[in-house]
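Trainee: I have a new structure open. Can you walk me through it?
Mentor: Go ahead and ask.

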Amino acid sequence: MKTKLLFLLMLSMALVGCRRAHRNDPVVVRTSRLVSVEVEVYDPITNFVWEGVSVRIVEADNEWSGCICPSPYLDWFDTGPDGRVFFDEFLIADAEVGMQLDSLGRAVLSPSVFEDEVVITLEIDAVGFTPVFVDVPLSWDTPDVFVEVPFN
C-alpha cells in the first residue's frame, strides 16, 4: 500500500513538473510605433481656444541619430474651430526632421534603447502676437502626445 501511495505521489509530482515546463507564456514583441502630436492652442486669460492660429514643426532632436534636424519647409497649419492641429505620422515624416520612417514613409520610434525618444519643437504664431516655441517629447512608451499651449 505504501509503495502504491509513494508511486502515485511521485507520478503526480512528475506530471505537475511537466505541465509547468511546457507552459506557453505569451511572448511580447516590441515593434516600432507610429508617432503623432495633437496641439490645442488656447487663451490662458479666457480659457477659450484660438481658431486660425498657425502651427508648424520647426525641428526634431532625434535620439537615434543625435541630430537636431530643422525642417527645410515653412509649412503652417491653422487651428480649427476646436483650436487644434493634428500632426499625424505622415505630416511629421513630411516635415523631414530626421525621424525614422517605416516602409510606408510614416514617422516611427523604435523600441531600441537608443532609438526610442525624440523631442519635436513646434512654433505657434498669429498676426500681432509674439511666436511661441514648444518642445514636445515623444517616446516609444508615449508615441501619441496631446499638448495644450497657452497663447496670448
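Trainee: What does the disulfide join?
Mentor: In this predicted model, a disulfide, meaning a pair of cysteine sulfur atoms within 2.5 Å, joins Cys67 to Cys69, with an S to S distance of 2.0 Å. Residues are numbered from 1 along each chain as its sequence is written.

Trainee: How many disulfides does a search of the whole structure find?
Mentor: The search finds 1.

Trainee: Why is that disulfide right-handed?
Mentor: The torsion about the S-S bond of Cys67 and Cys69 is about 140°, so the disulfide counts as right-handed.

Trainee: Is Cys69 buried or exposed?
Mentor: Cys69 is buried, at 11% relative accessibility. Cys67 is partly exposed, with a relative accessible area of 26%. Buried means under 20% relative accessible area, exposed over 50%, and partly exposed in between, using a 1.4 Å probe and protein chains only.

Trainee: New topic. How many residues has the largest nonpolar core?
Mentor: That core has 29 residues, and those with the most contacts inside it include Val37 and Phe87. A nonpolar core is a set of buried Ala, Val, Leu, Ile, Met, Phe, Trp, Tyr and Cys residues joined through side-chain atoms within 4.5 Å.

Trainee: Which element gives the most to this core?
Mentor: β9 does, with 4 residues. Strands here are DSSP runs (E, at least two residues), numbered from the N terminus.

Trainee: How many bridges join β9 to β10?
Mentor: There are 8 bridges, and the two strands run antiparallel. Glu117 has Ser139 in β10 as its bridge partner. The hairpin has 6 residues between the strands, and Gly128 takes a positive phi near 85° there.

Key: This is a predicted model: local features need pLDDT of at least 70, side-chain atom pairs count only at pLDDT 80 or more; totals for chains, interfaces and linings use all residues. Side-chain values use heavy atoms; hydrogens and water are left out. Two strands pair if DSSP finds at least two bridges between them.
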